[in-house]
Amino acid sequence: RDRCCIDGAPGDGGERPVGGGAPALTAALCALARAVDARDPAALGHSERVGRLAERLALAAGWPPDRAAALSVAGMVHDVGKSALDVAVLLARPPLGADARAALRRHPALGAEMAAGALSTEQAAWVRGHHERWDGAGFPDGLAGERIPEGARLLAVADAWDRLTACRPRPAGGEDPLALLRREVGRRFCPRAADALARVLEGGP
């Protein structure tokens, strides 16, 4: 079931978005996010997987189910700002040139602006902050530590985990993805967000 919408209240005859906007706008954002993923074969299904994992991380971190569902929707549209980027930038592989890096660094802010009419203010902040780093070296705002919205910290882990495990082939004999992620805890990732991933992988929510 598409988590862009949840069941409406009994008797209202419909669905409502998990967030602050109209259902049609939320559904359109989700469709656009899927289209962004489809432009890069390596990322096909990425946004939906991030949305599902983000919800599980939120539950493992003790969030109530309705707020975890709201994070799921933000996860499903976290890369929607990439729709404004040239496909050559999306398909570029490291090392990136200065222009490609600058373009990619704009997508969280663009995505938050695009989501503002469909999602809540908090959800838009999660989208904007999903590339912030615990050590303050992220973008677009250079936030650090507890100044990064908690939902954005969870999205950062969900996004990275999917890219480590689903969006790229793991080389034979390569380092375990969880070990790679743990190595960045305290620098790139919030320790509590990484702990939530560990609980999910151990069979949590």
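How many helices and strands does the chain have? It has 10 helices and 2 strands. Helices here are DSSP runs of H or I with at least four residues, strands are runs of E with at least two, and both are numbered from the N terminus. Reading from the N terminus, the order is β-β-α-α-α-α-α-α-α-α-α-α.

Quick housekeeping. This is a predicted model, where local features need pLDDT of at least 70 and side-chain atom pairs count only at pLDDT 80 or more, while totals for chains, interfaces and linings use all residues. Residues are numbered from 1 along each chain as its sequence is written, and side-chain values use heavy atoms, with hydrogens and water left out.

Now the overall picture. Of the 205 residues in the chain, 45% count as buried. Buried means under 20% relative accessible area, exposed means over 50%, and partly exposed is in between, with a 1.4 Å probe and protein chains only. Take contacts, meaning heavy atoms within 4.5 Å: among those between residues at least 6 apart in sequence, 63% join residues at least 24 apart.

On to salt bridges: the structure holds 12 of them. To count, a side-chain nitrogen of Lys or Arg has to sit within 4 Å of a carboxyl oxygen of Asp or Glu.

Let's start with R93 and D40, whose side chains meet at 3.2 Å, N to O. R93 is in the loop between helix 4 (87–91) and helix 5 (98–105), and D40 is in the loop between helix 1 (23–38) and helix 2 (46–60), so this pair ties together parts that are 53 residues apart in sequence. R93 is partly exposed, at 46% relative accessible area, whereas D40 is buried, at 10%.

Next up, D141 and R128 form a salt bridge, with their closest N and O atoms 2.7 Å apart. D141 is in the loop between helix 7 (121–128) and helix 8 (150–165), R128 is in helix 7, and the two are 13 residues apart. Both ends are partly exposed: D141 has a relative accessible area of 38%, and R128 has 30%.

Then there's R192 with E146, where the closest N and O atoms are 2.9 Å apart. R192 belongs to helix 10 (residues 191–201) and E146 to the loop between helix 7 and helix 8, so here the tie is between parts 46 residues apart in sequence. R192 is partly exposed at 44%, while E146 counts as exposed at 51%. And there's a network too: salt bridges link D79, K82, D159 and R163.

Let's stay with helix 10 for a moment. Which of its residues are buried? They are A193, A194, A196, L197, A198 and V200. Their cover includes helix 2, helix 8 and helix 9 (177–183). Just after helix 10, G203 takes a positive phi of about 105 degrees.

A cavity is a set of points on a 1 Å grid over the protein atoms alone, where a 1.4 Å probe fits but cannot get out. The count comes to 1 cavity of 30 Å³ or more. The largest cavity holds about 50 Å³, a volume being the space filled by probe spheres set on the points, which are joined across faces, edges and corners. Its lining residues, those with an atom within 4 Å of a point, include W134, I148, F189 and C190. The lining divides into 6 nonpolar, 1 polar and 4 charged residues.

Definitions and conventions. 1 Å grid on protein atoms, 1.4 Å probe; cavity = no way out; pocket = protein on both sides within 12 Å on 5 of 7 lines; lining within 4 Å. Nonpolar A, V, L, I, M, F, W, Y, C, P; charged D, E, K, R; others polar.
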